[in-house]
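Work through the following exercises with the coordinates open beside the text.

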Amino acid sequence: MIRRSFLAALAIAAALPLTAWAEAPLKVVATTGMIADAARQVGGDQVEVKGLMGPGVDPHAYRQTRSDIVAMTRADLILWHGLYLEAQMEGFFHDLGRKRAVVAVAEGIDTSKLHAHDDYADKYDPHVWMSPALWRDVVVEVQDALTEARPDAADIFAANAQAHLAEIEQLEAYAGQALASVPENNRVLVTAHDAFGYFGAAYGYEVMGIQGISTQSEAGLNRIGELVDTLVDKQLKAVFVESSVSDRSMRALIEGAAAKGHDVGVGGELYSDAMGEPGTYEGTYIGMLDHNITVIAGALGADVPDRGMNGKLSAGF
Ligand SMILES: [Zn+2]
């Protein structure tokens with residue numbers, strides 16, 4: 001009797017840490033909001049995700065704060081974008097990767113699908129979230145990283161990833177339809193920086209940024225002059241501001257066109273490198289792209305649903 005209860009107690013003691021481990025969510029830290037969203041979609045209730053960069057934060061310029069470092073030292077898994085997006089944190093993550101589970105999720109994409117970087121000969125354009133097809137590759141990378149960190153939950157991660165990938169395919173279909181209904185001459189996207197290269201390539205739009213692929217490059221007066229001429233020549237009616245970049249250069253562009261007798265308006269604010277407020281539809285990857293697609297197509301002359309593909313946009317076109 002004594003022996004039996006002793007064995008039972010041993011069995012309980014042995015089982016306890018396992019149970020506790022299985023129930024505690026995996027602590028994940030992600031740099032951009034888009035990666036944090038992918039980790040939440042795929043991880044579900046198995047993960048607790050902290051995103052470092054909130055709405056309006058520019059990842060090209062971001063540096064880790066003291067509290068970010070604390071969160072990362074407590075994390076089970078750290079996901080960053082890579083492809084030189086977090087240019088100021090590159091060295092930090094390479095060092096951290098020697099001690100902790102750190103994955104650059106966009107670096108798993110086959111480089112044949114990537115565009116060259118305009119500023120650096122040996123680098124690629126990091127703005128892959130702008131193409132739903134490329135983002136599906138990133139979601140699979142996130143799934144792989146979570147599965148490696150918690151193999152017991154592989155089936156849950158696989159099912160969640162399937163569901164999210166299907167949503168992204170639906171988004172792709174909406175984007176194709178909405179953007180193809182813009183009159184052909186209007187398919188030009190003028191934005192604050194070159195974040196829309198993959199978007200333009202996917203949907204047949206010419207894209208022009210005042211600044212280059214990184215917001216760290218200065219917008220020269222020459223560049224603004226060139227863009228003013230393009231706006232006038234093509235008689236473009238709308239340009240777009242970005243939530244994570246100052247609109248100062250964009251105002252100079254609009255004034256420059258006005259001085260040449262051409263009226264250009266702001267077609268809307270796009271989410272280029274950061275999502276909307278947490279807890280809103282625009283604060284998810286699907287909502288962020290739905291917003292961009294709906295605002296761009298609407299401002300450039302297509303007939304789009306007011307509240308986007310799901311009727312969920314808070315301020316659609
Ligand atoms: Zn950018």
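Helices (H or I, at least four residues) and strands (E, at least two) are DSSP runs, numbered from the N terminus. The model is a predicted one, in which local features need pLDDT of at least 70 and side-chain atom pairs count only at pLDDT 80 or more, while totals for chains, interfaces and linings use all residues. Residues are numbered from 1 along each chain as its sequence is written, and side-chain values use heavy atoms, with hydrogens and water left out.

**Exercise 1. Describe the chain as a whole, and then its nonpolar cores.**

Step 1. The chain contains 10 helices and eight strands, and its C-alpha trace spans about 95 × 40 × 35 Å along the principal axes.

Step 2. Of its 317 residues, 48% count as buried; among contacts between residues at least 6 apart in sequence, 66% join residues at least 24 apart.

Step 3. A nonpolar core is a set of buried Ala, Val, Leu, Ile, Met, Phe, Trp, Tyr and Cys residues joined through side-chain atoms within 4.5 Å. The largest such core has 65 residues, and within it Leu 79, Val 128 and Trp 135 touch the most other members. Helix α6 (residues 154-180) supplies the largest share of this core, nine residues.

Step 4. Apart from it lies another core, of 17 residues, which includes Leu 236, Val 241, Met 250 and Ala 257.

**Exercise 2. Which residues of α9 are buried, and on which side of the helix do they lie?**

Step 1. Helix α9 covers residues 248-259, and its 12 residues reach 17 Å from the first C-alpha to the last, close to the 16 Å expected at 1.5 Å a residue, where the expected span is 1.5 Å times one less than the number of residues.

Step 2. Met 250, Leu 253, Ile 254 and Ala 257 are the buried residues of α9. Viewed down the helix axis, these residues fall within an arc of 95°, so they line one face of α9; the arc is that of the directions from the helix axis to the C-beta atoms.

Step 3. The other side of α9 carries the exposed residues Arg 248, Glu 255 and Ala 259, whereas the buried residues of α9 pack against β5 (188-193), β6 (206-211), α8 (221-234), β7 (238-242) and β8 (265-270).

Step 4. After α9 comes Gly 261, which has a positive phi near 80°.

**Exercise 3. How many of the residues of α2 are buried, and what covers them?**

Step 1. Helix α2 (residues 33-43) is mostly covered, since nine of its 11 residues are buried, among them Met 34, Ile 35, Asp 37 and Val 42.

Step 2. The cover over the buried residues of α2 includes β1 (26-30), β2 (47-51), β3 (77-80), α5 (132-149), α6 and α10 (285-299).

Step 3. Just after α2, Gly 44 takes a positive phi of about 55°.

Step 4. Met 275, found in the loop between β8 and α10, is buried at a relative accessible area of 8%, and its contacts beyond four places in sequence include Gly 33, Met 34 and Asp 37.

**Exercise 4. Characterise the aromatic pair formed by Phe 196 and Phe 199.**

Step 1. A pair of aromatic rings is described by the distance of the centres and the angle of the planes. Rings of Phe, Tyr and Trp (its six-membered ring) pair if their centres lie within 6.5 Å, and planes under 30 degrees apart count as stacked, over 60 as edge-to-face and the rest as tilted.

Step 2. The structure holds six aromatic pairs. The pair of Phe 196 and Phe 199 is edge-to-face, at 6.0 Å centre to centre with 90° between the planes.

Step 3. Phe 196 is buried at a relative accessible area of 1%, and Phe 199 is likewise buried at 1%.

Conventions:
Buried means under 20% relative accessible area, exposed over 50%, partly exposed in between (1.4 Å probe, protein chains only). Contact means heavy atoms within 4.5 Å.
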